[in-house]
Amino acid sequence: MADNTDNDSAKSSIGLYLCRCNGEISKYIDLDRIADNLKSIENVKVVGIHDALCSREGQTFLKEEKEKHGFERAVIGACSPNIQGIIVGKALEEKGLNKYLFEQVNIREQCAWVHPDIDKATAKALALINGGLRRVLTLEPMEDVEISILPSALVIGGGVTGMQAALDIAAAGFKVYLLERTEELGGRAYKLSMTFPTHNCGICCMQYCKECVFTPKIEDVLQDEKIEVMLNSEIESIEGGFGNRHITVKAPDGPREFDVGTIIVATGSKTFDPSDLPELNYSSPDVITTVELEQLIVKQREKGGSIERPSDGKVPKTINFIQCVGSRDRAKGNLHCSLVCCTYAIGQARELVKLIPDATVYIHYIDLRGPYRGFEEFYDAAKQEGVQFVRGRISKIYSTGGKLFVRAEDTDAGALLEIESDLVVLSVGQEPAQGSEKIVEMLHLQTDIDEFIKDINPMFPPEFRRGIYAAGCAQGPKGIRYSIDDAKSAASEVIRLMRDGTVKMPRITAKADEFRCRGCGRCVDVCQFDAITLIEDGKGGQIAKVDEVRCEGCGTCTVACCNKAMTIIGYAIPQVIANVMGLVEEAGQ
Amino acid sequence: MTDFKPSILAFCCNWCSYAGADLAGVSRLQMPPNVHVIRVMCSASVKPEYVIKAVTQGIDGVLVLGCHIGDCHYLTGNHRTAKRIPLLQKILDEAGIDSRRIKLDWVSAAEGEKYQKVVTEFVEEIRRLGPNPLREVRF
């Protein structure tokens, strides 16, 4: 145990408070017995029990107790620190308790609620609280790390999401660097012939028309003085940490370097490539993806006339749409549902029925998924217009004698179908954009099982990871409207962060002991976040130095260090050992 | 031997396993009261000496729980844990301590039931193994 805390008796006085949680804890744990047992411990100045510490009365109670007894450290036996710990800690903090001298012991989720036997649960709670008491004595007072945020943002990806985010941030008065890999803005949405729900041209998302005046416009982005658009550019490297990152971009006219405070990743998605699935016969010219059909429709719109199929320019009379190509089947692509394919296939089918009135259009689906407002009406209109919906998977697409056949099953009718087809359209699903894994790696982000960027908290989409937000299809398959939603929420978070200018992060970071460190560099090798560097120690040797802004506090370096020089603040060896010993004292009897 | 009450420590990472243990509580999944959780930021910050300290102090078993591989909040922390713990088990075996007293498993924040299962099975296992022989010595 740290000596400096034990010698100073005023500093080692502990206030111990137990929470009944309105009976939720006291029903299963005998709190009075615990209080009796622990109040005789040397450093415990006061023991209190309250009905609900997280309530307003509870907080007032804590504040009064703090003023009355003036303890320097506090242990709370209550619910999980991840649930109400912040509220309870704040009350004491207001009265001058350093929040790093506070320990909340979880006796509700991990004790009261899972053990029916009151004696055993009480014994366990006693051990846990004893561990907390031992631990709190070893803690040291700290201040939060204050991080300043530069007032400029980088948006990676110039699609609908990236453009919307850039426009919003620029409107708030901040400098935006908008990076686009291709030669034009607009992303994939710009190439669409029509979009849901207006069933109108996709270009309308980019230009002025009364259908969608609120969606981002390429001209606006290009004319905005605050937005610096970089086309044909890719990120070369990202250095630095939260609030101040140095970006090097590979642009056509040489490398470009600048610093940004925040980053929005809007790298978007690409469509599944069906050539790996031989049963789909994608090599045949008349088997096309929905993206290619979009181009046919756009071409028709420009040239007039009717839709012409790629092989011989004939107007197709029988058209089959195959749903879920590359989606919802791990063996054949990806497990996730791409969310937009049902909607866009119905839209395209309606367009084809309109353009070729005597055509028969089939949609082969597993089940139709369109959790959007207006989807059911859209689907209903398609049925009215004569689109044929066939439930069932297709087994293969094959050509014989210059003719194309689709072998399908109609599970509603219980029949096997062999449909001679002029044109087959594959509704391909969405995958993360090419090269996004490189950006994910550079920014130390996580990807989910579907390889899209993972949310920190799936319930709260714009939650950030150290100044970096993912928006739009980079974060999962999405339609245009939802990508714009995402862009706006990410932009508003970025703006808030940059307006504040600074942010406080808990000081749970690594620290190198100058006397113990001998500069071997093992910690540098294991650090995931490039937070540790070796510097000259002025005596001809080297020592490790931790960048507090970059360090996320995982503690990998503390184990790698063979000289016990690296510690995580709050989880140093004496602190964890004290916790272990406290538990052993009670539980190891 | 029937009155042997194993005392077990569990090092849970803050992001997955600790939250998984909380979820087990919220779901009221009953389990034996022998496992005491110590919160650490990442399973990769569990120093082997913490485990050794616990075992030499008479603790009957130690669980190390982390995020599933690929799910680590710190990207690859648990990859290191996955290498370190088997090594530690080997060392303990050499020192005459049954390595089955140390167990590494992955519990995500959504796996309250798995947490219950891991805890219940481990307590059973330790019960079968009997008390830690170092319980009487404690050095």
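Student: What makes up chain B in terms of helices and strands?

Tutor: In this predicted model, chain B has 4 helices and 4 strands. Read from the N terminus, its elements run β-α-β-α-β-α-β-α.

Student: Why is chain B called as compact as a globular protein of its length?

Tutor: Set the value against the rule: 2.2 Å times the number of residues to the power 0.38. For 139 residues the globule rule gives 14 Å, and the radius of gyration of chain B is 14 Å, so the chain is as compact as a globular protein of that length. Its C-alpha atoms fill a box of roughly 40 × 30 × 20 Å along the principal axes.

Student: What makes a residue of chain B count as buried, and what percentage do?

Tutor: The test is 20 or more other C-beta atoms within 10 Å of its own. Of the 139 residues in chain B, 59% count as buried.

Student: Which share of the contacts in chain B between residues at least 6 apart joins residues at least 24 apart in sequence?

Tutor: That share is 80%.

Student: Now chain A. How do you know that β26 and β27 of chain A pair?

Tutor: Pairing needs at least two bridges. Strand β26 (residues 532-536) and strand β27 (residues 542-546) of chain A have 5, in the antiparallel sense, so by that criterion they pair. I532(A) stands opposite V546(A) in β27(A).

Student: Which residue in the hairpin of β26(A) and β27(A) takes a positive phi?

Tutor: G538(A) does, with phi near 85°; the hairpin has 5 residues between the strands.

Methods: Residues numbered from 1 in each chain as written. Chains lettered and ligands numbered in written order. Predicted model: local features only at pLDDT ≥ 70, side-chain atom pairs only at ≥ 80, totals over all residues. Helix = DSSP H or I, 4+ residues; strand = E, 2+ residues; numbered from the N terminus. Buried ≥ 20, exposed ≤ 12 C-beta atoms within 10 Å, placed from the backbone. Contact = placed C-beta atoms within 7 Å.
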